[in-house]
Each structure stands twice: as structure tokens, then as C-alpha cells.
Amino acid sequence: IACLVTVGTRSSETPLHLSVGRRPIAASIAGGSRREVWAGATLFLDASPSRDPDGGLLSYAWGCSLGGSPCRDALGGLLTLPSDNITAFVPPNTLPATAAGGDEYRFTVSVSGAGKATATFTLSVTVVDQSVPTVTVSP
């Protein structure tokens, strides 16, 4: 393809090389890549900021790890997150508090689309022990 460029009264033909391709998927979780939550709180995960710039339909897969192992709930069972939903949530009182300076929960969303490479985004979550202060009022 050639392009005719005119500047003032001068014109010149310049070769123009076009590359047409599919743009990659961008995976994201609303709220950024780090979060701190209270033990006992519900953790909402939202991958709606993820995009296919070419407008394709997306599929979602959620995962969780702690120290390189799959996440376990407060009772020791494997934490199960929904498959193929744009959002996920962890119910209250599910995640035990993480030790200060210790490992963080790493929630990942893998976003895929037809004929495209899967994109992954990771959210690091620290669960803080919630101590309720005792207040005494005396007359």
C-alpha cells in the first residue's frame, strides 16, 4: 500500500506497511493488585475490568493459593471458587488471618477468549485478625 503525502505544494508517495492482528486480552481484578481485609469479612472479587480489545466473548477461571499451596478454608477444606463467572466471593469467616509478615493469599483470574492466549491477573490479599476491643463504662 502506498500513501500520498502532501505538505504545502509538494507531494510524495510513501510506502505504508500495515500489520493487522488480534490484540491480546487484558486481565484485571477491580481494586488493584493488593488488598487488606478483616478476618470474618466477605471478600468480593470482580474481573469486570478485564477486556478483549477486539470485542470477543471472555471466559473466566478463578484460583487461590497461599504459600504455593491451594487455599484452604477455616475448617481445613479446599477453598472452591466459581468457574466461568466474572465475579467470585469468599464468604465471611472462611479465610483464617495471615501471620504478620507472612504469606499472602493470592487470588488469580485467568481470562480467555476464542483463539487468543489466556491472560492472568493476581490479587494479593492479607487477612487481618479483627480483635474487638472491650469497653467498660462506669458511673
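1. Contacts along the chain. Residues 24 or more positions apart account for 58% of the contacts in the chain with a separation of 6 or more. A contact here means heavy atoms within 4.5 Å. This is a predicted model, in which local features need pLDDT of at least 70 and side-chain atom pairs count only at pLDDT 80 or more, while totals for chains, interfaces and linings use all residues. Residues are numbered from 1 along each chain as its sequence is written, and side-chain values use heavy atoms, with hydrogens and water left out.

2. Strands. The chain has 9 strands and 0 helices. Its pattern along the sequence reads β-β-β-β-β-β-β-β-β. Both kinds of element are DSSP runs numbered from the N terminus: helices are H or I with at least four residues, strands are E with at least two.

3. Surface. The accessible surface of the chain is about 9,200 Å², and 55% of that belongs to carbon and sulfur atoms. Areas come from the Shrake-Rupley method with a 1.4 Å probe; for residues, only the protein chains shown count as cover. Of the 139 residues in the chain, 26% are buried. Buried means under 20% relative accessible area, exposed over 50%, and partly exposed in between (1.4 Å probe, protein chains only).

4. The core. The largest nonpolar core has 27 residues. Such a core is a set of buried Ala, Val, Leu, Ile, Met, Phe, Trp, Tyr and Cys residues joined through side-chain atoms within 4.5 Å. Leu43, Trp62, Leu95, Tyr105, Phe107, Val109 and Val125 touch the most other members. Two or more residues each come from β4 (43-46), β5 (58-66), β7 (87-90), β8 (105-113) and β9 (119-128). The largest share, 5 residues, comes from β9. In soluble globular proteins, nonpolar side chains tend to be buried together.

5. Val109 up close. Leaving out residues up to four places away in sequence, Val109 touches Ala27, Ser28, Ile29, Ala47, Tyr60, Ala61, Trp62, Ala119, Thr120 and Phe121.

6. Glu36. Look for Glu36 in strand β3 (residues 34-38). Glu36 counts as exposed because its relative accessible area is 61%. Glu36 and Val127 are 91 residues apart in sequence, yet 6.0 Å apart in space, C-alpha to C-alpha. Glu36 touches Thr126 and Val128, not counting residues up to four places away in sequence.

7. The disulfide. The structure holds 1 disulfide (a pair of cysteine sulfur atoms within 2.5 Å). It joins Cys64 to Cys71, S to S 1.9 Å. The link of Cys64 and Cys71 is left-handed, with -65° about the S-S bond. Cys64 counts as buried because its relative accessible area is 15%. Cys71 is also buried, at 2% relative accessibility.
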